[in-house]
Amino acid sequence: MSDVILQLNNVESSYGPVKAIRGVSLKVSQGSVVTVLGANGAGKSTILKTISGIIDPQKGSVVYRGEPIQKKDPAWIVRQGIAHVPEGREIFPLLTVRENLLMGAYTRALGERAAVEQEIGQVYGYFPILKERANQPAGQLSGGQQQMLAISRALLAKPTIMLLDEPSLGLSPKLTHEIFEIIRRINAERGVTILVVEQNARVALKYADYGYVLEVGRIVMEDPCSVLREKEDVKEFYLGIKDAGVRGTRRWKKKKTWR
Amino acid sequence: MLQFLQLVASGIAQGCIYGLIALGFVLIYKATETINFAQGDLMMLGGFLGLTGTLALGLPFWAAFAAALLVMLFFGMALERVVLRPLLGQPAFTVVMVTIGVGYLARGLVTMIPEWGTDTHVLPVPYKDQIVSLGGNGTEGGLIMSMEHVVVIAVTALLIVALYLLFKHTRIGIAMQATSQNQLAAFYMGIPVRRINMLVWGISAAVSACAGLLLAPITFVHANMGFIGLKAFPAAVVGGFGSIPGALVGGLIIGVVETLAGFYLPEGFKDIAAYIVVLVMLAVKPNGLFGENLRKKV
């Protein structure tokens, strides 16, 4: 891999006594799209929350551009160029779409006002619907539009790397593809590095360059997505493709079958 | 008819006071989801600061007014930083008990300060005993209001405009709204949530102090004047707790109803009118007039 921009070394984070991730190590190289796949409760969101400083890890380090950033203030981390698009969009429902976008630029200096206005224009280019609805309360948007808003809001922080937490959550397959197309465009056109965690493996593996598979808090597999797509286990458990066979023949698989 | 209008006018003035204190309640409730039962006592402190500013320091009234607001702004921020922030994450009940305690403490400490004490004071104002008449010819046949009431209404209106501009058109104001709507997302955006909450406490204290300074010329400055907060609380409920315009409208309703009840109804109704209004409101529209009923979209 080329130059690594973000690296997690043996990170352990927990909610009280419950360990959510147990020694996760991963690397994200500059300009790439990296995905972390995993089921409910595997610890995907925890990884992102640990990176953006919402949760402090017990062990391990988060290294961003060669500097450890774990246990720093979230606001500081945003200023370093790490923007987080949280799970379930988490927009500000009573603020207008425009005001939501302005809040995304909160960490930027007041002198950048003109640049921010210009970028709001660019963001409207990605998602024209947001321009139409600029002065409506964000709570009135549909789920997909709220996701678009959440992504746009993160873009206004002028991130070097964007963390996306299940952008496909609650969206139709068509809309999911549209969102991922735009994520790729953002990556290509603006050079923003992307780390996206997903349950929807099919889409994530299609659009990402490199993938990690997370199970109960541990990384169990990593490879370029083209390789991951062809692996038997991934095919069976994350893509739902299976050759005819007896269910649960292998021990670790047995755990995952529904009976 | 004129008499009725006369009553409504003074009810509105009284309602502005309730509205301002209710506004203090609502600001803190929206930002931190706790209710500050020391709100009335913050108002009382504002009154006393005005007293000290004009009498002891000899400042002109409006300078003392502004100084008192500024001091209370910082007092509110300090209160949040020192007393409430360490309680972050504790149950709401704990916080409520602490604010009640702060109220008692404030009332007690005030009586120990020389010059303040347990006495009833009069806040001297330049517009004392002046009268404004609206309509009619001169002082005959028109609506007559005391200058104190006119000042209450005017200053309240000014304050509302200032707060509106703050919340709608400044970045920090929008950030305050954002923080109150979705604290977690505010953290993600890099908004300094704790500092914002501190500022909200400061503004809330200043708004209450403003109510105290406006009320002082009409009644008196006294250690127990903060109990008026008990009537401002129904105002906040009537308006729909959590709505800023609601707090003011609720205050006005309570003020007007109370004044009318005091005049037209038998002795005693004046004091309970506010609670009757709130009971009726809770029975008819539990969310209050401007109550928000937002559901989260999944």
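Two strands count as paired here if DSSP finds at least two bridges between them. Keep that in mind as you walk through this predicted model.

**Stop 1**

Now widen the selection to the whole open sheet, whose six strands follow the order β6-β7-β8-β3-β9-β10 in chain A, with mixed pairing. At its edges you will find β6 (82–85) and β10 (218–224) of chain A, each pairing on one side only. Look along the sheet and you can follow a twist that averages 15 degrees from one strand to the next.

Helix α10 (residues 232–239) of chain A lies across β3, β9 (210–215) and β10 of chain A, and runs at about 65 degrees to β9(A).

**Stop 2: the four-stranded sheet of chain A**

Move on to another open sheet of chain A, with its four strands in the order β2-β1-β4-β5 and antiparallel pairing. Strands β2 (18–29) and β5 (67–68) of chain A stand at the edges with a single partner strand each, so one side of each has no neighbour in the sheet. Helix α1 (residues 44–51) of chain A packs on this sheet, in touch with β1 (4–15), β2 and β4 of chain A. Its direction makes about 115 degrees with that of β1(A).

Inside the sheet, β1(A) and β4(A) pair in the antiparallel sense over five bridges. Select A:E12 to see one of them, since its partner in β4(A) is A:K59.

Two residues lie between the strands, and A:R65 takes a positive phi near 50 degrees.

**Stop 3: A:I51**

Return to helix α1 of chain A and pick A:I51. Is A:I51 buried or exposed? At 0% relative accessibility, A:I51 counts as buried. Leaving out residues up to four places away in sequence, A:I51 touches A:L6, A:L8, A:V62, A:I69, A:I77, A:I82, A:L163 and A:L195.

**Stop 4: the nonpolar cores**

Which residues touch the most other members of the largest nonpolar core? Select A:M103, B:I191 and B:L214, out of 89 residues in that core. Helix α8 (residues 193–215) of chain B gives the largest share, 15 residues. Apart from this core lies another of 52 residues, including A:L130, A:A134, A:L155 and A:A157.

With B:L214 selected, show its contacts: not counting residues up to four places away in sequence, it touches B:I17, B:L20, B:F65, B:V151, B:V152, B:V155 and B:T156.

**Stop 5: where the chains meet**

Finish by showing both chains. The contact takes 24 residues from chain B and 30 residues from chain A. Together the chains bury about 2500 Å² between them, with 64% of it on carbon and sulfur atoms. How many salt bridges does the rule find across this interface? It finds one. Select A:E99 and B:K168, which form a salt bridge with their closest N and O atoms 3.5 Å apart.

How values were computed
Residues numbered from 1 in each chain as written. Chains lettered and ligands numbered in written order. Predicted model: local features only at pLDDT ≥ 70, side-chain atom pairs only at ≥ 80, totals over all residues. Heavy atoms only, no water. Core = buried A, V, L, I, M, F, W, Y, C linked by side-chain atoms within 4.5 Å. Buried < 20%, exposed > 50% of the residue type's maximum accessible area, 1.4 Å probe, protein only. Contact = heavy atoms within 4.5 Å. Axes fitted to C-alpha atoms, helices over the stretch in contact; angles between N-to-C directions. Buried area = accessible area lost by both parts, 1.4 Å probe. Salt bridge = Lys/Arg side-chain N within 4 Å of Asp/Glu carboxyl O.
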